[in-house]
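Have the sequence and the 3D view open as you read.

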Amino acid sequence: LEKKTIILAKKHKIKVSTILDHWVNYKERFMLNNKTILPDEIFTQDYFAFNLAKKYFRGVKIIKIPNYYLNASLKELKLFKVNKDNNFLYLSEPIQSHYKKGILFDKNRDYDEYQSLKFFLNNVNRISQNIKKIIIRLHPSDKRFKYNNIISKFKHLPIRLSNNNSLLKDISQSSIIFGCETLAMVIALMAKKRVLCTIPPKSKSKCSLPYKSIEYLKDLIN
């Protein structure tokens, strides 16, 4: 829809700006029927995105702006009382459905959200033997029962699904945040939380989030 809108707007000489809110699939985001459909200018929200956009989109005006979403999130986080209990937060992502869509995502992704969750639950006790809660926060597109079959096999762990509408509150109530490459992991980093990537060991994929402070669970258990 947005690419067709860009075409229509430019046809009528209406200026088009696009904001890039992640760090992957830059060229693919502007492909339609094997043609590149570029706006007049592109906004990026950090140093990493700015440099990537400069690399991929020569001839397009690239503008760096503040990340208003991240700044607002950090401000809101200060309103929540920090819980010092040993709670772990796992952030679910609909990886399988994403790469099946094709052009917007890597078709050759060699793991999915089920493998990631199993890897996490199989090894979480190696991070700590004194876990109070393991909170699994479902992606908004996930069904409530999506991971029931997996969770049922780990009854020895203190697992519960998040009932909290606020992502920020879940982050504030947790000591370590786990996930593959969701943007929420960056928010957790900015909140000075420890963040671990749960991409399984057999995968050749790397976390697309360009922050070196994100640790890999697979590196800690070897």
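Strand E6 (residues 87-91) and strand E9 (residues 176-179) run parallel to each other and pair over 3 bridges; two strands pair if DSSP finds at least two bridges between them. Within this pairing, Phe88 sits opposite Ile176 of E9. Helix H5 packs on the sheet here, touching E6, strand E7 (133-137), E8 and E9, and its direction makes about 165 degrees with that of E6. Contact means heavy atoms within 4.5 Å, while axes are lines fitted to C-alpha atoms, for helices over the stretch in contact, with angles running from 0 to 180 degrees between N-to-C directions. Helices (H or I, at least four residues) and strands (E, at least two) are DSSP runs, numbered from the N terminus.

A note on the source: this is a predicted model, in which local features need pLDDT of at least 70 and side-chain atom pairs count only at pLDDT 80 or more, while totals for chains, interfaces and linings use all residues. Residues are numbered from 1 along each chain as its sequence is written, and side-chain values use heavy atoms, with hydrogens and water left out.

E6 and E9 belong to an open sheet of 6 strands with parallel pairing, in the order E8-E7-E6-E9-E10-E11. Strand E8 (159-161) and strand E11 (215-216) have a single partner strand each, so one side of each has no neighbour in the sheet.

Another open sheet has 3 strands in the order E1-E4-E5, again with parallel pairing. Its edge strands, E1 (17-19) and E5 (61-64), each pair on one side only.

| H5 | E6, E7, E8, E9 | about 165 degrees with E6 |

What caps the N-terminal end of H5? Asp112 does, with a side-chain oxygen 3.0 Å from the backbone nitrogen of Tyr114. Asp112 lies in the loop between helix H4 (95-100) and helix H5 (113-123), and it touches Ile95 and Gln96, leaving aside residues up to four places away in sequence.

Technical notes. Polar contact = N/O pair within 3.5 Å; in protein donor to acceptor, adjacent residues only side chain to side chain.
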